[in-house]
Amino acid sequence: MAYPEMMVKPMREEMTQMGARELTSVPEVDAELGDQQGTTLVFVNSVCGCAAGGARPALRAALEKGPKPDKVVTVFAGQDTEAVARARQYFADYQPSSPSIALFKDGEVVHFIHRHQIEGKAPQEVARNLVDAFQKYCAPASV
Amino acid sequence: MSGHVFHPGHEELHGITVVVTGRSGRTYVGRYHERTPTGTLLHDVGVHDPATGQSRADYLARTLKFGVRAEQKHVVLPDEEIDEIRKLAEFE
């Protein structure tokens, strides 16, 4: 059951304001996640205040520090169902949950944060997890 | 908007992914919803049955890495089946 758009609009805007591109259709998802080069972060957004309410600020904080993915995109679970289902097809063995965060490098999932790793945690804690992953996978290779 | 909660007033575990150890030997992993008169309601539930041969430790390790493989959308566990309820995150 989708929530009224006016209720989720602020949650969509919170993502786009931090630079994420919102994907609402299957062709948009395929255009971003098919044949990837470099690093792409996919944030599966959710209305759940318990978890997504902490995950969005966590991502914003992580993106403000150090290296970051080449691209940040988002799909909204429970709202844009076809786009979400398509994005999850790219997640390989990782099971669906929302919110969740997948980091791709050259088309392969290299880091995944499930809902259970977000629930009950302070945004700073989730941000640290992301910053560590960005350091590992998004920092330019040293010569 | 961050921190906005659509479901205030629920139990502490509401919305949290939990591991329920069953007296039957089964283990259930799912999102805790609430305690009802007929039992505890979980959503998007994966079940480990020792009869499959996979150890519970392996099942939980795989669940931690890849997420909950939900086999049932909703499960109500009667009180007599529940031995223990813990957050999945505690197994990290």
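**A tour of chains A and B**

Select A:Asp35: this residue sits in the loop between helix H2 (26-33) and strand S2 (39-45) of chain A. Helices (H or I, at least four residues) and strands (E, at least two) are DSSP runs, numbered from the N terminus. This is a predicted model, where local features need pLDDT of at least 70, side-chain atom pairs count only at pLDDT 80 or more, and totals for chains, interfaces and linings use all residues. Residues are numbered from 1 along each chain as its sequence is written, while chains are lettered from A and ligands numbered from 1 in the order in which they are written.

Check the backbone of A:Asp35. Its phi is near 50 degrees, positive in a residue other than glycine. Most residues other than glycine have a negative phi. A:Asp35 counts as exposed, with 9 C-beta neighbours inside 10 Å (exposed means 12 or fewer other C-beta atoms within 10 Å, buried 20 or more, partly exposed in between; C-beta atoms are placed from the backbone).

Jump to B:Asp44, in strand S3 of chain B. B:Asp44 also has a positive phi of about 50 degrees. B:Asp44 is buried, with 21 other C-beta atoms within 10 Å.

Now show strands S2 (27-36) and S3 (39-48) of chain B. They run antiparallel, joined by 8 bridges; two strands pair if DSSP finds at least two bridges between them. Pick B:Glu34: its bridge partner in S3(B) is B:Leu41.

Zoom out to the open sheet of 5 strands, ordered S4-S3-S2-S1-S5 (chain B). Its edge strands are S4 (72-77) and S5 (82-87) of chain B.

Last, return to chain A. A cis peptide bond joins A:Ser98 and A:Pro99, with omega about 0 degrees.
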